[in-house]
Amino acid sequence: MTVTAVIPTYRRPHLLKRAIQSVLAQTHLDLRVRVYDNASGDETADVVRRFADTDARVSYFAHAANIGATRNFEYGIRDVATPFFSCLSDDDVLF
């Protein structure tokens, strides 16, 4: 079964990189990493793009304007299309 890791983010590209790496390091390989950028306007898109260029499981969505942390989180949850999901903040790590 496919598991989606929902990662909402805002202006923390270095921490986001670590969070994405921790998801991709899991032993369960049938997963997707969906990053929801709350209009960071920094190098966040580039960080995610580097992962997505080499791993099709990683995808990125950027809001045109900041919609607030709660709405960004809710947007990510509503966008899940797999039977299972987890929510991971951009400054969290999965062990």
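What is the volume of the largest pocket? In this predicted model, the largest pocket has a volume of about 170 Å³.

1. The lining of the largest pocket is made by Pro8, Thr9, Tyr10, Arg12, Asn38, Ala69, Asn72, Phe73, Ser89, Asp90 and Asp91. Two elements, β1 (3–9) and α3 (69–78), are those that each give two or more residues to this lining, and the largest share, 3 residues, comes from α3.

2. Helix α1, residues 13–24, packs with helix α2, residues 44–54, at an angle of about 20 degrees, and their axes are 9 Å apart. Since angles under 35 degrees count as roughly parallel, α1 and α2 are therefore roughly parallel to each other, and their crossing is right-handed.

3. On the α1 side, the contact is made by Pro13, Leu16, Lys17, Ile20, Gln21 and Leu24, while α2 brings Thr44, Val47, Val48 and Phe51. The residues of this contact between α1 and α2 divide into 7 nonpolar, 2 polar and 1 charged.

4. Two backbone angles deserve a remark, because most residues other than glycine have a negative phi. Arg11, which is placed in the loop between β1 and α1, has a positive phi near 55 degrees although this residue is not a glycine. Ala39, in the loop between β2 (31–37) and α2, likewise is not a glycine and has a positive phi of about 60 degrees.

Notes
Residues numbered from 1 in each chain as written. Predicted model: local features only at pLDDT ≥ 70, side-chain atom pairs only at ≥ 80, totals over all residues. Heavy atoms only, no water. 1 Å grid on protein atoms, 1.4 Å probe; cavity = no way out; pocket = protein on both sides within 12 Å on 5 of 7 lines; lining within 4 Å. Points joined across faces, edges and corners; volume = space filled by probe spheres on them. Helix = DSSP H or I, 4+ residues; strand = E, 2+ residues; numbered from the N terminus. Axes fitted to C-alpha atoms, helices over the stretch in contact; angles between N-to-C directions. Parallel < 35°, antiparallel > 145°, perpendicular 65-115°, else oblique. Left-handed = near helix turned anticlockwise from the far one by under 90°. Contact = heavy atoms within 4.5 Å. Nonpolar A, V, L, I, M, F, W, Y, C, P; charged D, E, K, R; others polar.
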